[in-house]
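User: I am new to reading protein models and would like to go through one feature at a time. Could you give me the general idea of each feature and then show me the case at hand?

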Amino acid sequence: VEDGATIQLPAGNILLKSTLSLDGKKNITIRGAGQDKTTLSFKNQTQGAEGLRITNAQNIVLEDISIEDAKGDLIKTQTVNGLRFRNITARWTGKPKASNGSYALYPVQCQNVRIERCTAIGASDAGIYVGQSDSVWVNYCVAKNNVAGIEIENTTNAWVWKNQAFDNTGGILVFDLPDLPKKRG
């Protein structure tokens, strides 16, 4: 995809067998037909770990879509400046289990992150995890049936409000851990 493009995904259940990657791109929007209408399913994934991996990018919008059942993390973003997750459901179907991936929504080492009206279900670690990032908003989200509902780790300028976290082992967690590249969250 070229910089500045919008990828419009149709309604329906789209079955994928390998990780989708986006690296080094700017001003990209990936949009489904609706959170309850477009589903990317990685249930039969044979290659890669993540469902969607976005790295080294700027101004990325992902909206109006569901992502399910990746072997590892559902959506992992790393070193992205300007990231918007809107109206996303990220889940593992069935009952929660230890073999589910660690994170549903997983921005790490990112700047200017907005996670709005998203739902994260069934992660074996955190449903919504933001780590080693700066300038983050998490609002109007739902995290359920995860180990940690919403986790903010070694992150600065994080605002987490008007969310619901239930049926998780821990609801909303804020940590500063040693031995990470970014300290003093």
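Predicted model: local features only at pLDDT ≥ 70, side-chain atom pairs only at ≥ 80, totals over all residues.

User: What does the radius of gyration say about the chain?

Analyst: A compact globule of 185 residues would have a radius of gyration near 16 Å, and the chain has 15 Å, which agrees with that expectation. Along the principal axes, the C-alpha atoms fill a box of roughly 40 × 40 × 30 Å. Buried residues account for 50% of the 185 residues. If we take the contacts between residues at least 6 apart in sequence, 51% of them join residues at least 24 apart.

User: Which residues of the largest nonpolar core touch the most other members?

Analyst: That core has 39 residues, and those touching the most other members are F85, L105, I115 and V138. The elements that each give two or more residues to this core are β4, β6, β7, β8, β9, β11, β12 and β14, and the largest share, seven residues, comes from β6. To see one member in its surroundings, take F85, which, leaving out residues up to four places away in sequence, touches L62, I75, T77, L105, P107, R114, I115, E116 and C118. Apart from this core lies another one, made of six residues, including Y103, Y106, A126 and A148.

User: How many residues of β8 are buried, and which strands are joined to β8 by bridges?

Analyst: Strand β8 is mostly covered, since six of its six residues are buried under the cut-off of 20% relative accessible area.

User: How many salt bridges does a search of the whole structure find?

Analyst: The general idea is that side chains of opposite charge can pair when their charged atoms come close. In this structure the search finds six salt bridges. One of them joins the side chains of R31 and E63, with 2.6 Å from N to O, and because R31 lies in strand β4 and E63 in strand β6, the pair ties together parts that are 32 residues apart in sequence. R31 is partly exposed, having a relative accessible area of 28%, whereas E63 is buried, with 9%.

User: Where do R86 and E116 lie in the chain?

Analyst: R86 and E116 form a salt bridge whose closest N and O atoms are 3.5 Å apart. The pair links distant parts of the chain, with R86 in strand β7 and E116 in strand β9, 30 residues apart. R86 counts as partly exposed at 24% relative accessibility, while E116 counts as buried at 15%. Through salt bridges that share partners, R31, E63, R86 and E116 are joined into one network.

A further salt bridge is formed by E50 and R53, with the closest N and O atoms 3.3 Å apart. In that pair E50 counts as buried at 13% relative accessibility, and R53 counts as partly exposed at 25%.

User: How far from R114 is the nearest side chain of opposite charge?

Analyst: That side chain belongs to E116 and is 5.4 Å away; R114 is buried yet has no salt bridge, because a salt bridge is counted within 4 Å. R114 is placed in strand β9, and, not counting residues up to four places away in sequence, R114 touches L83, R84, F85, S135, V136 and W137.

User: Finally, is N146 buried or exposed?

Analyst: N146 counts as buried, because its relative accessibility is 4%. The residue lies in the loop between β13 and β14. The C-alpha atoms of N146 and G122 are separated by 4.7 Å, although the two residues are 24 residues apart along the chain. Leaving aside neighbours within four places in sequence, N146 is in contact with several residues, among them A120, I121, G122, D125, D167 and T169.

Note on methods. Residues numbered from 1 in each chain as written. Heavy atoms only, no water. Helix = DSSP H or I, 4+ residues; strand = E, 2+ residues; numbered from the N terminus. Buried < 20%, exposed > 50% of the residue type's maximum accessible area, 1.4 Å probe, protein only. Lys, Arg positive; Asp, Glu negative; His and termini not counted. Contact = heavy atoms within 4.5 Å. Core = buried A, V, L, I, M, F, W, Y, C linked by side-chain atoms within 4.5 Å. Rg over C-alpha atoms; globule rule 2.2 N^0.38 Å.
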